[in-house]
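Q: Can you walk me through this one? I have the sequence and coordinates open.

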Amino acid sequence: MTISYYELFYRSYNSLIMLPAEAPVVLVVENHQDDYQSLVAAIEQCSLSAVIYWVKTGSEALNFLLRQGAYAQANAAPRPDLIFLELDATTNDGLEVIQCLRQTPDLKNIPVLVWTRINRMTAIDTCYYVGVNSYVIKSAQPEAWPEQLQVLLKYWFAVSLLPDRLIRS
């Protein structure tokens, strides 16, 4: 029996098939606790068993990703499968986070999803230029966030294939 791509997409989207079976690691760079809690709630509503790490600034994100300071031990900062980055949380260093990722061989293939309130074409263009994988503007109505986040999570963890996890250390 052959399954068409569209049928596979439909099945994956609706049942949130996880490949690989290991729970994905998600790094959230977000300075608004309410926004972070909305993201966690959406992950729970999707029945996605993800391991979530939360940092509030771009410099803290770099410490996490480069395993520096409080994150020097590998078990304190596992390599994420996906990064949610709020540009607001990082002031001017959000772009530095993306640039650092793209210039670091062990980190350059980690997908970065910018989920932000910033709706300026220059910010969008610059983020894509430096290597962001997706730029999503937060809905103006926070009550719409769970649905928006569920669509994003289903795409990244059920539809899209993430980079090989073998280089995780």
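What follows is a short chat about the structure above.

A: This is a predicted model, where local features need pLDDT of at least 70, side-chain atom pairs count only at pLDDT 80 or more, and totals for chains, interfaces and linings use all residues. Residues are numbered from 1 along each chain as its sequence is written, and side-chain values use heavy atoms, leaving out hydrogens and water.

Q: What's the average pLDDT of the protein?
A: The average is 81, and 82% of the residues score at least 70; pLDDT is the predictor's confidence in each residue, from 0 to 100.

Q: Where does pLDDT stay under 50?
A: Over residues 1–20, for which the model has 22 contacts beyond four places in sequence (contact means heavy atoms within 4.5 Å). Where pLDDT is low, the predicted coordinates should not be read in detail.

Q: How many helices and strands?
A: Six helices and five strands, running α-β-α-β-α-β-α-β-α-β-α from the N terminus. These are DSSP runs, with helices being H or I of at least four residues and strands E of at least two, numbered from the N terminus.

Q: Which residues have the most contacts inside the largest nonpolar core?
A: Leu65, Ile83, Leu85, Ile98, Leu101, Val114 and Tyr135, in a core of 27 residues. At least two core residues come from each of strand 1 (25–29), helix 3 (58–66), strand 3 (82–85), helix 4 (94–103), strand 4 (112–116) and helix 5 (121–130). Another core, of 20 residues, lies apart from it and includes Leu113, Trp115, Val136 and Trp145. A nonpolar core is a set of buried Ala, Val, Leu, Ile, Met, Phe, Trp, Tyr and Cys residues joined through side-chain atoms within 4.5 Å.

Q: How much of the protein counts as buried?
A: 45% of its 169 residues. Buried means under 20% relative accessible area, exposed over 50% and partly exposed in between, with a 1.4 Å probe and protein chains only.

Q: Switching topic: is glutamate 44 buried or exposed, and why?
A: Glutamate 44 counts as exposed because its relative accessibility is 59%. This residue lies in helix 2 (residues 33–45).

Q: How far is glutamate 44 from glutamine 150?
A: They are 9.5 Å apart in space, C-alpha to C-alpha, and 106 residues apart in sequence.

Q: And what share of contacts with a separation of 6 or more is between residues 24 or more positions apart?
A: That share is 68%.
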